[in-house]
Amino acid sequence: MSLTTESFAIQLAFWVLSFCTVISAIAVVQIQDLFRSALFLIVTFLGIAGLFVLLGAEFLAGVQLMVYVGAISVLIIFAILMTRDLEEGNPSHSFRIPVAIVAILFMLFSIYAITVGTNWDSRLISETLNQEQQTEAGKIFFADSIPNLANLLLTDFVLAFELVSVLLLAAAVGALALVRNR
Amino acid sequence: MTLERFLILGAILFGIGLYGALSKKHAIAVLMSLEIMFNGVNLTAVALSRYTVPQAFETASKFLLTGHVFTVFIITVAAAEVALGLAIIIAIYRTRQSVLVTDAKELNR
């Protein structure tokens with residue numbers, strides 16, 4: 001795999017994956033049965049994992065599969081099943097039309113800022129780095145991505161790494177304390 | 001074009017999640033919409049890390065993977081958030097027999 005050129009298969013994979021991801025994300029917020037929208041959420045997570053693979057982040061795709069598809073969606077489905085006897089469906093607020101307008105305006109503004117408002121050429125790897133540096137960058141993304149990621153996590157970002165582990169422990173203990181039977 | 005289409009996809013996912021998080025009454029639906037927003041942000045971070053050069057690249061080339069590090073942290077925080085959020089939802093469900101965010105308004109006085 002090279003850093004700059006893309007084959008037709010990769011383009012096709014991108015369009016198929018992004019179509020599935022967007023359609024299932026819309027289904028998550030539109031379907032009335034909460035259990036079904038949780039199942040569509042899993043499809044969204046799988047699509048994002050496939051896009052991570054396209055971006056050369058195989059490790060993150062694996063993490064995505066394990067954490068989101070394996071753990072978070074199972075938690076959400078269990079919670080839905082535990083609270084399902086209310087049978088309330090998936091109702092919306094009365095102000096959902098203005099909220100939809102706000103979300104669409106946000107999307108249009110972001111797309112404007114991405115396409116017209118930013119000059120990406122001065123920042124792109126393919127434009128600013130010379131051939132030798134591009135080879136090095138390709139090596140970091142495709143051959144040595146996991147060792148470099150571990151190096152970053154345990155040297156330059158070690159404070160954030162330790163804080164996040166404390167946060168996970170606190171969240172686990174807090175969740176246990178909240179749902180404990182008294 | 002290659003970078004922009006990933007960023008646009010991330011923005012669309014974030015917008016869909018924003019709509020769901022603000023317009024849904026069911027607390028679990030709000031949490032699911034938050035997950036969609038997290039995924040849009042993760043996609044943006046990984047795409048930026050893949051196609052652009054960070055300033056710290058001059059000191060060490062490993063900083064090209066900064067977006068991946070951010071994504072690892074976001075995924076961890078999202079897992080903690082879902083665990084705590086679902087615990088709170090179950091606790092509210094036990095005490096007041098409701099999972100609608102509009103019914104939990106003790107602080108809304």
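The model is predicted. The phi angle of B:Gln97 is near 55 degrees, a positive value in a residue other than glycine. B:Gln97 counts as exposed because it has 11 C-beta neighbours inside 10 Å, and the cut-off for that class is 12 or fewer.

In total, 61 residues of chain B are in contact with 75 residues of chain A. On the side of chain B that touches chain A, the elements giving two or more residues are α1 (2-23), α2 (27-51) and α3 (66-96). Of these, α3(B) gives the most, with 20 residues. By class, this side of chain B comprises 42 nonpolar, 13 polar and six charged residues.

Within the interface, one helix pair may be examined in detail. Two packed helices are described by the angle between their axes and the distance between the axes. Helix α8 of chain A, residues 158-179, packs with α3(B) at an angle of about 15 degrees, and their axes are 9 Å apart. Angles under 35 degrees count as roughly parallel, and α8(A) and α3(B) are therefore roughly parallel to each other. The crossing in which α8(A) passes α3(B) is left-handed.

The residues making this contact include A:Val164, A:Leu168 and A:Ala175 of α8(A), and B:Phe73, B:Leu84 and B:Ile88 of α3(B). By class, the contact of α8(A) with α3(B) has 18 nonpolar, two polar and no charged residues.

Conventions. Residues are numbered from 1 along each chain as its sequence is written. Chains are lettered from A and ligands numbered from 1 in the order in which they are written. This is a predicted model: local features need pLDDT of at least 70, side-chain atom pairs count only at pLDDT 80 or more; totals for chains, interfaces and linings use all residues. Two residues are in contact if their C-beta atoms, placed from the backbone, lie within 7 Å. Helices (H or I, at least four residues) and strands (E, at least two) are DSSP runs, numbered from the N terminus. Ala, Val, Leu, Ile, Met, Phe, Trp, Tyr, Cys and Pro count as nonpolar, Asp, Glu, Lys and Arg as charged, and the others, Gly among them, as polar. A residue is buried if 20 or more other C-beta atoms lie within 10 Å of its own, exposed if 12 or fewer, and partly exposed in between; C-beta atoms are placed from the backbone. Axes are lines fitted to C-alpha atoms, for helices over the stretch in contact, and angles run from 0 to 180 degrees between N-to-C directions. Angles under 35 degrees count as roughly parallel, over 145 as roughly antiparallel, 65 to 115 as roughly perpendicular and the rest as oblique. A crossing is left-handed if the near helix is turned anticlockwise from the far one by less than a right angle, and right-handed if clockwise.
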